[in-house]
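I opened the notebook on this model to work through its elements in order. The entries below keep to what I looked up and how I read it.

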Amino acid sequence: MDTRRGALAVPKVRRVGFFTSAIEPTQDSSQRPNRSQSGPVEATTSSSPLSDSPSGNLISPVLIPPSRHHSDNLTSRAVAAAAAPVPVPGPAAFRRYLAHDRGLNVGSYNPPDSLLGTSPPSSNGEFSEDSVSLFGFQRSDSAKLSASFPNGGFDLTLAVRAPQEPEPKIATVSASEVTKKIAEVSGKSESVTTKPQKEKEPKSLKDKTTKAERRAIQEAQRAAKAAAKGEGNRRADESGKANPGKAAKKPQPKKERLPATSSVSVKTAVAVEKEKRMDVPQTQMQYDDKSRVEKAKKRAVVEQTESKNKVELFLHLPQYERGNQLPDLSSNIFILDTIHHAVYKVGLQHLAGDISGDNARCIAMLQAFQEAIKDYTTPPMKDLTMDLTTKINGYVSFLIECRPLSMSMGNAIRFLKNQIRKLPVNLSEPEAKASLCSDIGRFIDEKIILADKVIVQHAVTKIRDGEVLLTYGFSCVVEMILLYAHEIGKKFRVVIVDSRPNLEGQKLLRRLVTRGLDCTYTHINAISYIMREATRVFLGASSIFSNGTLYSKVGTACVAMVANAFSVPVIVCCEAYKFHERVLLDSICTNELGDPDAVASIPSFSTKAKHLKTMDNNKNLQFLNLMYDSTPSEYISMIVSDYGMIPPTSIPVIVREYRREHLLL
Amino acid sequence: MPDVQSTVVEFVNKLRKRKIEGSQATAKCTVELLRSVISYQRVPHANQAAALIDAVKAVGQQLVAANPVELAVGNVVRRVLHIIREEDLSLTTAAMAGLDLLDASDDDDVDNCKGIGYPAMSAAVVAAAARSTLRPPSLQTLLEGTPESATVPYTSSSGADSESKTADKSSLTRKLKHDVIEGVNQLIHEIAGCHEQIAEQAIEHIHQNEVILTLGSSRTVLEFLCAAKEKKRSFRVFVAEGAPRYQGHLLAKELVARGLQTTVITDSAVFAMISRVNMVIIGAHAVMANGGVIGPVGVNMAALAAKKHAVPFVVLAGSHKLCPLYPHNPEVLLNELRSPSELLDFGEFSDCLDSGAGSGSLQVVNPTFDYVPPNLVSLFITDTGGHNPSYMYRLIADYYSADDLVM
């Protein structure tokens, strides 16, 4: 455990350095001069980071409870004292408090922000981190529960707290138990904070819960966190060496932006954990959670009707009846004022399937954001950073309603939010907008267009004369590679494998044949037949996860598997901005469901098999139209990215390095 | 004879034009045709078995040539030949037995017997030679020491009959033909009934809440799953649609009609879904002697995925699908390319083909079958029970005689 923590601490140190924008909110600096203490704040506005805390604040900050909550204060101190020789219970609860409040205020889809509250500070024990991620971030039942019953969470935390108050030692003795409970609690609170991710109206959640209730929740969380801190600090002490360094690295600009800084500083404090989890809320909502789905529906702009006959394994994914909402939506494109019309248009295009392909979708989205930012004016009395983030969040949740985001789009959105967050405060509004627009433009140019060119240059070196290149479906990078290789005079043959229902391969086939390439076209079932001819397999990607799993168009895994069985090298072409630090094992947990009717309807030429749509209403018959699947990394020989040609095992490295650059960009 | 010839030609044409498809249907038609061939065949007094064999072989060669990919035709022809040989042998041994009895008392009978079948050889030698060629020693025959009892249940009765009739030449001639037709009838019965035999075993292999993946449209699979359903097992079936022929849709329709929970998935989703599947059950087009399987296109992909996820890959095959050949390059040699129009509409692509002077070429590959090597198959379920792929060659030895392997 110790060694592990020590090892882990190193990258954390490196990473924190890049979170330049934040400072630690401190209030009661008198108590612990060289550590930051996050004071209790009634609301984000009431308390402000008065003093820019010096270095060590992150590592072992003390929870200074608000004067109003003396009992909490006592508890946490007692727990802390009992738990660790160095009495440094973390300000996690407070952070949660802050973040929670902010989440409520912002009330929008802002994963990093909303997550802040839950992510324990870096000094926290490994266990509690894990447990939090286990219980809280996986949107477990407890999270769902508390989402629907905020009070439930409160009761439970009270129960957790109760034994601690009289005899604090219990907390340390059964530390793991406590942390587990805390994890639960934090899961709850997390859900409370992440709940607004789909909200249009920032304050809606706030309105729903009364002030007293929220306060109660926060109290409970604070107490729970304090206990967690006690536990965590002990371990933190053991690996404490890394922490001061980390804190020292943290620069401290921007005291000026008072309302924002508090949350931003929280961000910095938990930068490492946050980074790990940032993306989690960006993944799809779990649609088997009825209460949350109901809530999301109320807020939704797009009225999607859930289809009735869903496949049991995929209840957690949204499946909508298609095609009925489009006319309505396109008619009120100019009426709706919450969504910028450019974004609205892109959303509709996604919904209708006019834009397909990850790069195209991502570029369309970014360009729409660009326009939206151009037309944006900060409302009076509001901060550009916060308000714009809120706006973007609203757009994003609208886009999600239209079609679940691809991983690469999630990455791009994260980039944009980072840019907004990092805007220097002294920038005037037009300047800020211009800077953001140029950032977006640069992202499109560098991360997508230029990256593709680099990939083409790399991949072409792998094509030799007389080869038979097999590709699956339609990937624009692969298309560029093939065309370029043809242009520079390489002699090769292309096998295009296609699959129902989208038959994207036909598009590629058409383009290649018109450009004069020799093509063979077949369907995915014949892959074992055709694979013996192939000498290389080129595949596109939707995303590559940090365990090397390739997440791509459904069927890619089949092709890669058969290629592997026939000992044909599989080359995956993927821009580095699509790399994702999540991990994935199967194709069930994360996926997207397409239109089941597309599977049900079959071309007219096959006369024998009749249309099954007549049996549509039969409860026993379902159609499953998966959009993606995940290819295990052992089937991938090589990944060609803009960082060069790498094995799948190098993905986590690239992700780490890339993320760093990403934030600096 | 002429009408037999015309039915043969008609059937050959049907095979050639792929009017008859599916191993079950072709097997049934073939065996019925062969029965009529045998019954119309004039049998000479001398060496009648050889005459029958020649006639069946001649027709069989035509049929096989008409559709070499439809291995069931060859299998059935070989089975019929085997039946003829067996009947002949059993008659001979019975005759020998009768001969032994009569030997001491009556010399004429001996002459008769010799005149009929084996004029030059001694009975014991003939029987031994025939036995060794026809029936390689199986464990059962070794243990029981009664070669005929296992596979030819009616031998004893016919033996008893023949004993009384050995003296009558014409009756003996008729006897062979009659027995052969009897045997062929039994074969017809067996082919027709193999579904039930296989389906009976369903309950042993499917448990509650199982998730089963299948592809292609096979009546055997349908019956198998329904049999388990009838036994009150509730389970879920994923059916890969099997583009471009969409036979999965047919199967799904039937399964739904019988009340099974069915989900149709695209073929490309096979790998994605296999991790949640408990068993892959497919119907074979043919089973080769090495235990390899020829099935509907896409089967190899499913088998590889199943292997990767350690999901049992079960093949259902009636005994008429057992082919005594060892496959060589079966993906190409035992395959058939269907019309490209099933994949691409020619009209759509005609424009881009002749648009530019230097435009590329376009080939469309649309194979029908897929070969699954034996190491990917977990279990064969035939009408005689479950078998390992490595046991297939042995099973085949029970059904075919070595002389007929090359027709």
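**Entry 1, chain A as a whole.** I note at the outset that this is a predicted model. For chain A I looked up the secondary structure, which comes to 27 helices and 14 strands, and then the burial, where 63% of its 665 residues count as buried. Of the contacts in chain A between residues at least 6 apart in sequence, 82% join residues at least 24 apart. Chain A exposes about 23500 Å², and carbon and sulfur atoms supply 56% of that area.

Which order do the strands of the eight-stranded open sheet take? I read it as 14(A)-13(A)-9(A)-6(A)-3(A)-4(A)-5(A)-8(B), with mixed pairing. Strand 14 (644–646) of chain A and strand 8 (362–364) of chain B stand at the edges, and because each has a single partner strand, one side of each is left without a neighbour in the sheet. From one strand to the next the twist averages 25°. Helix 23 (505–514) of chain A lies across strands 3, 4 and 5 of chain A together with strand 8 of chain B, and runs at about 160° to strand 4 of chain A.

I next asked whether strand 2 of chain B is enclosed or open. Five of its five residues are buried, so strand 2 of chain B is largely enclosed by the rest of the structure. In a regular strand the side chains alternate between the two faces of the sheet. Here both faces are covered, with B:Arg236, B:Phe238 and B:Ala240 buried on one side and B:Val237 and B:Val239 buried on the other. Strand 2 of chain B pairs in the parallel sense over five bridges with strand 1 of chain B, where B:Leu215 has B:Ala240 as its bridge partner. Strand 2 of chain B also pairs in the parallel sense over five bridges with strand 3 of chain B, and there the bridge partner of B:Arg236 is B:Gln261. The chain crosses from strand 2 through helix 12 to strand 3 of chain B in a right-handed β-α-β crossover, and strand 1, helix 11 and strand 2 of chain B likewise make a right-handed β-α-β unit.

In helix 12 (247–257) of chain B I listed the buried residues as B:Gly248, B:His249, B:Leu251, B:Ala252, B:Leu255 and B:Val256. They cover an arc of only 160° around the axis, which puts them on the same side of the helix. Their cover includes helix 26 (596–600) and strand 11 (621–624) of chain A, together with strand 1, helix 11, strand 2 and strand 3 of chain B. After helix 12 of chain B comes B:Gly259, with a positive phi near 85°.

I found B:Leu322 in the loop between strand 7 (313–316) and helix 15 (330–333) of chain B. B:Leu322 has a relative accessible area of 0%, and is therefore buried. Leaving aside neighbours within four places in sequence, its contacts include B:Asn75, B:Val287, B:Met392 and B:Tyr400. B:Leu322 and B:Ala72 are 250 residues apart in sequence, yet 7.8 Å apart in space, C-alpha to C-alpha.

Conventions: Residues numbered from 1 in each chain as written. Chains lettered and ligands numbered in written order. Predicted model: local features only at pLDDT ≥ 70, side-chain atom pairs only at ≥ 80, totals over all residues. Heavy atoms only, no water. Helix = DSSP H or I, 4+ residues; strand = E, 2+ residues; numbered from the N terminus. Buried < 20%, exposed > 50% of the residue type's maximum accessible area, 1.4 Å probe, protein only. Contact = heavy atoms within 4.5 Å. Areas by Shrake-Rupley, 256 points an atom, 1.4 Å probe, with all protein chains shown as cover. Arc of directions from axis to C-beta. Pairing = 2+ DSSP bridges. Axes fitted to C-alpha atoms, helices over the stretch in contact; angles between N-to-C directions. Right-handed = clockwise from strand over helix to strand, strands pointing away.
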